[in-house]
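Visitor: This one is new to me. Please walk me through it, and keep it simple.

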Amino acid sequence: MKHATIIGTGRCLPEQVMTNDDLANIVETSDEWITSRTGIKQRRISTGENTSDLAYKAGLRALERAGLEAEALDLIICATITPDSFMPSVACMVQERLGAKRAAAFDLSAACTGLVFAMTVATSFIENGMFQNILVIGAETLSKAMDWTDRGTCVLFGDGAGAVVLQASEQKQGILSMHMVSDGSKQDYLCLPALPVSNPFVEKRDKEFTPYISMKGQEVFKFAVRTISDLIKNVLAKAELQVEDVKYVVAHQANYRIIEQAAKFAGIPLDKFFINLDRYGNTSAATIGIALDEMNEKEMLKPGDKLILVGFGGGMTSGAVLLEWN
Ligand code: ACO
């Protein structure tokens, strides 16, 4: 069996910084409220770049770091809930801009778990021998899905993209174990509606269409804490490893308090959790890719280090990947 290893990472964040004080000029909130409830201090907001622009730049950077030509790619998967359009997919737009002529390309929708789900799908393609080189991107412009009058949500999110290049290896390294979970019974915890059915046979709509993210914050909080610690235990058991074997956990960057409580539940020291949500807020499918690229750039990751990537998000979905850096 082949194994999937990460050979490059990349990220792209819009230049525009929006601080908590900037938000306090728009909605009734304060730096103190946002910081103490979430740990977020600022986020990046697009001034016009769409999801495909951020995805392309993150993907290009990951290819450069990998030292791989775009034409060597067999597949591009873009995880996003904020595509430029329903059709074409962001992945097809990125394929064209990169010149990845041989690559198949598609988008994947699993909200904030998107990158972990996409890495799991990509790993399966590599393990079964179908593909050699796969670019996986998580990219979002959540700012276009915000109700900027709703202080309960607009303070939490930001825009950005993160990417990884996965390559087939004969050696047992890279992704060692993975797990995916979905629970549609909790679908109302996080919602971002798409177009309602409207045609000559539809007389009237039930309710007004609002193209914004809505959230049951406390339900999401409880779900996230439980699921992060369950998933960590799951991928550790599958890889026959212990908590002590893990160098870092890269959890979805939604809220500092979620990570703090999950660390306690999982029995892992908090300092093993990489955190950058203070600077970027929640960029949904992009958070884990952005974090990995920052860690890579800071040379925090050494060959042999074991990492757990763990995500949770709308659906509800959740998933984790345990990998050995090489
Ligand atoms: N500034 C000031 N006050 C606020 C703000 C704000 N930005 N937002 C809400 N409030 C107020 C509310 O109106 C409420 O006021 P009231 O008591 O007068 O009615 C009060 O603060 C408490 O509101 P709650 O919603 O109960 O606040 P809570 O303590 O639960 O914190 C939070 C809210 C931070 C959103 C928390 O529930 C949380 O972090 N949940 C997880 C959210 C999350 O991670 N979402 C992303 C999921 S990933 C994905 O897939 C997108």
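**A working chat**

Guide: Just after helix α10, E299 takes a positive phi of about 55°. Helices here are DSSP runs of H or I with at least four residues, strands are runs of E with at least two, and both are numbered from the N terminus. This is a predicted model, in which local features need pLDDT of at least 70 and side-chain atom pairs count only at pLDDT 80 or more, while totals for chains, interfaces and linings use all residues. Residues are numbered from 1 along each chain as its sequence is written, and side-chain values use heavy atoms, with hydrogens and water left out.

Visitor: OK. Where does E299 lie, then?

Guide: In the loop between α10 and β12.

Visitor: Is E299 buried or exposed?

Guide: E299 is exposed, with a relative accessible area of 57%. The cut-offs are under 20% for buried and over 50% for exposed, with partly exposed in between, using a 1.4 Å probe and protein chains only.

Visitor: What other residue has a positive phi near 50°?

Guide: S284, which is also not a glycine. S284 sits in the loop that runs between α9 (277-280) and α10 (287-297).

Visitor: Buried or exposed, that S284?

Guide: Buried, as its relative accessible area is 1%.

Visitor: Switching topic. Which peptide bond is cis, with omega near 0°?

Guide: The one from M87 to P88. P88 belongs to the loop between β4 (75-79) and α4 (90-98). M316 is in the loop between β12 (306-313) and β13.

Visitor: Now the sheets. What order do the strands have in the open sheet of four?

Guide: The order is β8-β13-β12-β11, and the pairing is mixed. Two strands pair if DSSP finds at least two bridges between them. At the edges are β8 (174-182) and β11 (248-251), each of which pairs on one side only. Neighbouring strands of this sheet are turned by 10° against each other on average, direction ignored. The axes are lines fitted to C-alpha atoms, for helices over the stretch in contact, and angles run from 0 to 180 degrees between N-to-C directions.

Visitor: How many bridges does β8 have with β13?

Guide: Eight, and β8 and β13 (residues 317-324) pair in the antiparallel sense. One example is H179, whose bridge partner in β13 is A320.

Visitor: What about β1, how many of its residues are buried?

Guide: Eight of the 10 residues in β1 (3-12) are buried. Nine bridges join β1 to β7 (residues 159-169), and the two run antiparallel. In β7, A161 is the bridge partner of C12.

Visitor: Next, the ligand. How many residues surround it?

Guide: There are 23, and the closest are T29, C112, G217, Q218 and N255.

Visitor: What lies 2.5 Å from an oxygen atom of the ligand?

Guide: A polar side-chain atom of N255. R37 also places a polar side-chain atom 3.4 Å from a ligand oxygen atom. G217 uses a backbone N or O atom, 2.9 Å from a ligand nitrogen atom. The protein buries 72% of the 1,000 Å² that the ligand exposes when taken alone. Accessible areas come from the Shrake-Rupley method with a 1.4 Å probe, and for residues only the protein chains shown count as cover.

Visitor: Which elements give two or more residues to that shell?

Guide: Those are α2 (31-38), α6 (151-154) and α7 (217-238). The largest share, four residues, comes from α7.

Visitor: And by class, what is in the shell?

Guide: It has 10 nonpolar, 10 polar and three charged residues. Ala, Val, Leu, Ile, Met, Phe, Trp, Tyr, Cys and Pro count as nonpolar, Asp, Glu, Lys and Arg as charged, and the others, Gly among them, as polar.

Visitor: Last one. Where is V246?

Guide: V246 is in the loop between α7 and β11. It is buried, with a relative accessible area of 3%.

Definitions and conventions: Near = heavy atom within 4 Å. Polar contact = N/O pair within 3.5 Å; in protein donor to acceptor, adjacent residues only side chain to side chain.
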